[in-house]
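Subject: Handing over a structure

Hi,

Here is the structure I promised to pass on. Have a look at it, and then read my notes below.

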Amino acid sequence: MEELDNILDGITDNISDKQQVQEENETQTQQTQQVTKPTDREMQEQFLINKDEEETKLTLEYARRMIALEKEIKEIKDDMKAIKDEYKDEGVSVQKVNKAIKNIKMAAKLNDLDATEIEMIQTVLNADPDIHTEIAQLVSKD
(Lines give C-alpha, C1' and ligand atoms only; values in the text may rest on other atoms or scores of the structure.)
Protein backbone atom coordinates (compact mmCIF):
# COMPACT_ATOMS: atom_id res chain seq x y z
CA MET A 1 0.00 0.00 0.00
CA GLU A 2 2.82 2.30 0.82
CA GLU A 3 4.32 1.46 -2.51
CA LEU A 4 1.07 2.39 -4.20
CA ASP A 5 1.00 5.68 -2.32
CA ASN A 6 4.57 6.39 -3.45
CA ILE A 7 3.59 5.66 -7.06
CA LEU A 8 0.52 7.88 -6.77
CA ASP A 9 2.62 10.64 -5.19
CA GLY A 10 5.15 10.31 -8.01
CA ILE A 11 2.40 10.51 -10.62
CA THR A 12 0.83 13.49 -8.87
CA ASP A 13 4.21 15.22 -8.63
CA ASN A 14 4.88 14.45 -12.30
CA ILE A 15 1.46 15.87 -13.26
CA SER A 16 2.08 18.94 -11.10
CA ASP A 17 5.50 19.42 -12.68
CA LYS A 18 4.00 19.14 -16.18
CA GLN A 19 1.24 21.59 -15.29
CA GLN A 20 3.79 24.01 -13.88
CA VAL A 21 5.96 23.73 -17.01
CA GLN A 22 2.87 24.19 -19.20
CA GLU A 23 1.82 27.26 -17.21
CA GLU A 24 5.34 28.69 -17.50
CA ASN A 25 5.31 28.06 -21.25
CA GLU A 26 1.92 29.78 -21.57
CA THR A 27 3.19 32.74 -19.53
CA GLN A 28 6.28 33.02 -21.72
CA THR A 29 4.13 32.79 -24.86
CA GLN A 30 1.84 35.55 -23.60
CA GLN A 31 4.82 37.72 -22.70
CA THR A 32 6.38 37.09 -26.11
CA GLN A 33 3.11 37.96 -27.84
CA GLN A 34 2.83 41.13 -25.79
CA VAL A 35 6.39 42.11 -26.64
CA THR A 36 6.10 41.39 -30.38
CA LYS A 37 2.55 42.63 -30.94
CA PRO A 38 2.84 46.34 -31.75
CA THR A 39 0.28 48.84 -30.65
CA ASP A 40 -1.89 50.65 -33.17
CA ARG A 41 0.29 53.73 -32.77
CA GLU A 42 3.45 51.72 -33.36
CA MET A 43 1.89 50.19 -36.48
CA GLN A 44 0.95 53.67 -37.73
CA GLU A 45 4.45 54.96 -37.06
CA GLN A 46 5.98 51.97 -38.86
CA PHE A 47 3.63 52.56 -41.81
CA LEU A 48 4.73 56.18 -41.99
CA ILE A 49 8.39 55.19 -41.77
CA ASN A 50 7.94 52.64 -44.57
CA LYS A 51 5.99 55.20 -46.61
CA ASP A 52 8.70 57.82 -46.03
CA GLU A 53 11.38 55.30 -47.01
CA GLU A 54 9.51 54.42 -50.21
CA GLU A 55 8.88 58.10 -50.98
CA THR A 56 12.54 58.89 -50.34
CA LYS A 57 13.57 56.02 -52.61
CA LEU A 58 11.27 57.25 -55.38
CA THR A 59 12.41 60.85 -54.93
CA LEU A 60 16.06 59.86 -55.27
CA GLU A 61 15.29 57.70 -58.31
CA TYR A 62 13.42 60.59 -59.95
CA ALA A 63 16.24 63.03 -59.20
CA ARG A 64 18.87 60.68 -60.64
CA ARG A 65 16.91 60.19 -63.86
CA MET A 66 16.27 63.93 -64.26
CA ILE A 67 19.94 64.74 -63.64
CA ALA A 68 20.96 62.16 -66.26
CA LEU A 69 18.60 63.79 -68.77
CA GLU A 70 19.87 67.27 -67.89
CA LYS A 71 23.41 66.03 -68.60
CA GLU A 72 22.28 64.71 -71.98
CA ILE A 73 20.59 68.05 -72.76
CA LYS A 74 23.79 69.90 -71.83
CA GLU A 75 25.82 67.64 -74.13
CA ILE A 76 23.36 68.20 -76.98
CA LYS A 77 23.44 71.99 -76.46
CA ASP A 78 27.24 71.90 -76.47
CA ASP A 79 27.16 69.91 -79.72
CA MET A 80 24.69 72.39 -81.26
CA LYS A 81 26.90 75.31 -80.29
CA ALA A 82 29.93 73.61 -81.82
CA ILE A 83 28.02 72.99 -85.06
CA LYS A 84 26.81 76.61 -85.15
CA ASP A 85 30.35 77.89 -84.63
CA GLU A 86 31.71 75.55 -87.31
CA TYR A 87 29.19 76.63 -89.95
CA LYS A 88 29.37 80.28 -88.93
CA ASP A 89 33.12 80.12 -89.58
CA GLU A 90 32.30 78.68 -93.04
CA GLY A 91 30.14 81.74 -93.79
CA VAL A 92 26.66 80.32 -93.15
CA SER A 93 24.20 82.78 -91.63
CA VAL A 94 23.28 80.40 -88.80
CA GLN A 95 20.94 82.86 -87.04
CA LYS A 96 18.82 83.26 -90.17
CA VAL A 97 18.81 79.52 -90.81
CA ASN A 98 17.71 78.88 -87.21
CA LYS A 99 14.99 81.53 -87.52
CA ALA A 100 13.75 79.91 -90.75
CA ILE A 101 13.70 76.49 -89.06
CA LYS A 102 11.75 77.98 -86.14
CA ASN A 103 9.22 79.59 -88.52
CA ILE A 104 8.78 76.34 -90.44
CA LYS A 105 8.17 74.45 -87.18
CA MET A 106 5.60 77.04 -86.06
CA ALA A 107 3.85 76.88 -89.43
CA ALA A 108 3.75 73.09 -89.25
CA LYS A 109 1.99 73.31 -85.88
CA LEU A 110 -0.70 75.66 -87.18
CA ASN A 111 -3.79 74.23 -88.78
CA ASP A 112 -5.16 75.86 -91.94
CA LEU A 113 -7.81 77.85 -90.07
CA ASP A 114 -5.26 79.35 -87.65
CA ALA A 115 -2.87 80.15 -90.49
CA THR A 116 -5.61 81.94 -92.43
CA GLU A 117 -6.67 83.90 -89.36
CA ILE A 118 -3.09 84.94 -88.58
CA GLU A 119 -2.57 86.01 -92.20
CA MET A 120 -5.72 88.19 -92.08
CA ILE A 121 -4.61 89.79 -88.81
CA GLN A 122 -1.14 90.52 -90.24
CA THR A 123 -2.76 92.13 -93.30
CA VAL A 124 -4.83 94.42 -91.06
CA LEU A 125 -1.81 95.32 -88.92
CA ASN A 126 0.39 95.96 -91.98
CA ALA A 127 -2.26 98.28 -93.44
CA ASP A 128 -2.21 100.55 -90.39
CA PRO A 129 0.63 103.15 -90.68
CA ASP A 130 0.72 103.85 -86.92
CA ILE A 131 1.22 100.17 -86.08
CA HIS A 132 3.88 99.96 -88.79
CA THR A 133 5.74 102.94 -87.28
CA GLU A 134 5.52 101.64 -83.72
CA ILE A 135 6.78 98.18 -84.72
CA ALA A 136 9.65 99.81 -86.60
CA GLN A 137 10.55 101.73 -83.44
CA LEU A 138 10.43 98.50 -81.38
CA VAL A 139 12.82 96.66 -83.67
CA SER A 140 15.22 99.53 -84.28
CA LYS A 141 18.64 99.09 -82.72
CA ASP A 142 18.98 102.61 -81.33
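Lysine 74 and aspartate 78 sit four residues apart in helix 2, which is about one turn of the helix. Helices here are DSSP runs of H or I with at least four residues, strands are runs of E with at least two, and both are numbered from the N terminus. The two side chains form a salt bridge, with 3.4 Å between the closest N and O atoms. By salt bridge I mean a side-chain nitrogen of Lys or Arg within 4 Å of a carboxyl oxygen of Asp or Glu. Lysine 74 is exposed at 54% relative accessible area, while aspartate 78 is partly exposed at 42%. The cut-offs are under 20% relative accessible area for buried, over 50% for exposed, and partly exposed in between (1.4 Å probe, protein chains only).

Before going on, some ground rules. This is a predicted model, so local features need pLDDT of at least 70 and side-chain atom pairs count only at pLDDT 80 or more, while totals for chains, interfaces and linings use all residues. Residues are numbered from 1 along each chain as its sequence is written, and side-chain values use heavy atoms, with hydrogens and water left out.

How many salt bridges does the structure hold? There are two. Aspartate 85 and lysine 81 make a salt bridge at 3.0 Å, N to O. They are also both in helix 2, four residues apart, or about one turn. Aspartate 85 is partly exposed, with 36% relative accessibility.

Now the helices themselves. The protein chain has five helices and zero strands, so the pattern along the sequence is simply α-α-α-α-α. Helix 2 has 50 residues and runs 73 Å from its first C-alpha to its last, close to the 74 Å expected at 1.5 Å a residue. That expected span is 1.5 Å times one less than the number of residues. Helix 3 (residues 94-109) passes the same check: its 16 residues should span 22 Å, and its end C-alpha atoms are 23 Å apart, which agrees. Just after helix 2, glycine 91 takes a positive phi of about 100°.

How covered is helix 3? Hardly: one of its 16 residues is buried. Across the protein chain, buried residues make up 1% of the 142 residues. The chain exposes about 13,900 Å², and carbon and sulfur atoms supply 55% of that. These areas come from the Shrake-Rupley method with a 1.4 Å probe; for residues, only the protein chains shown count as cover.

Two surface patches are worth a look. Patches are built from residues with over 30% relative accessible area and no salt bridge, joining like charges within 9 Å and nonpolar side chains (Val, Leu, Ile, Met, Phe, Trp, Tyr) within 5 Å. Ile83, Tyr87, Val92, Val97 and Ile101 make a nonpolar patch of about 420 Å². Helix 2 (40-89) and helix 3 each supply at least two of its residues. Valine 92 is in the loop between those helices and is partly exposed, at 35% relative accessibility.

The other patch is positively charged and gathers Lys99, Lys102, Lys105 and Lys109. Lys and Arg count as positive and Asp and Glu as negative, leaving out His and the chain ends; each charge is placed at NZ of Lys, CZ of Arg, CG of Asp or CD of Glu. Lysine 105 is in helix 3 and is exposed, at 51% relative accessible area.

Cheers
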